[in-house]
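Dear colleague,

Please read them with the coordinates open beside you.

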Amino acid sequence: MYIRIERGAATPISRQIAEQVRAQCLAGLLPPGQCLPSVRQLAAELVVNVNTVVRVYEKLAAEGLVEMRHGEGTFVLPQSTNHQQAAELKQQREQFSREFQSMVRRGLLLGLNASDLRRELSAAVAEVKSHISPVKDEGKRS
């Protein structure tokens, strides 16, 4: 599971973690039945308080994305319906699109041109792909 936190961002850390885990569950990168890192392990990896990870896992459990089993761990649940999963994935992608447009606008305002932005995007994609497996190929959206 790959999670990146942007400290100092306007988005709270717990929300950043929850959104990334949720997106990976909905996109199938975290398949049903997969055990997530323990609360302590993820907190140590991300250098956050264990209570932050507990709140994230509890929120995702309340949403029906994961199941917290006492003494066993936290596991990804099968999605309830394809329609609901598709709607949630669509919502996540729309949010991403808004954030991406905001980043492009910010880059242009900082004096970057289209070539600079493409180079930054390519470098970011290469870095993230090296951490995420399996990565869906471009154009294979469901």
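Predicted model: local features only at pLDDT ≥ 70, side-chain atom pairs only at ≥ 80, totals over all residues.

Residues are numbered from 1 along each chain as its sequence is written, and side-chain values use heavy atoms, with hydrogens and water left out.

Helices here are DSSP runs (H or I, at least four residues), numbered from the N terminus. The axes of α1 and helix α3 (residues 50-62) come within 9 Å and cross at roughly 45 degrees, where axes are lines fitted to C-alpha atoms over the stretch in contact and angles run from 0 to 180 degrees between N-to-C directions. That makes α1 oblique to α3, oblique being what remains once angles under 35 degrees are called roughly parallel, over 145 roughly antiparallel and 65 to 115 roughly perpendicular. On the α1 side the contact (heavy atoms within 4.5 Å) is made by I13, S14, I17, A18, V21 and R22, and on the α3 side by T52, V56, K59 and L60.

Helix α1 (residues 13-26) also holds Q24, which is buried at a relative accessible area of 8%; buried means under 20%, exposed over 50% and partly exposed in between, with a 1.4 Å probe and protein chains only. Leaving aside residues up to four places away in sequence, Q24 touches M1, Y2, I3, L29 and L30.

Taking a salt bridge as a side-chain nitrogen of Lys or Arg within 4 Å of a carboxyl oxygen of Asp or Glu, the count comes to seven. R69 takes part in a salt bridge with E67 (3.1 Å, N to O) and in another with E72, where the closest N and O atoms are 3.9 Å apart. E67 is partly exposed at 33% relative accessibility, and R69 is partly exposed at 33% too, whereas E72 is exposed at 55%.

A further salt bridge joins the side chains of K90 and E94 (4.0 Å, N to O), and because these residues are four apart in helix α4 (residues 82-109), about one helical turn separates them. K90 is exposed, with a relative accessible area of 53%, and E94 is partly exposed, with 38%. Salt bridges with shared partners also link R22, K59 and E63 into one network.

Notes
Helix = DSSP H or I, 4+ residues; strand = E, 2+ residues; numbered from the N terminus.
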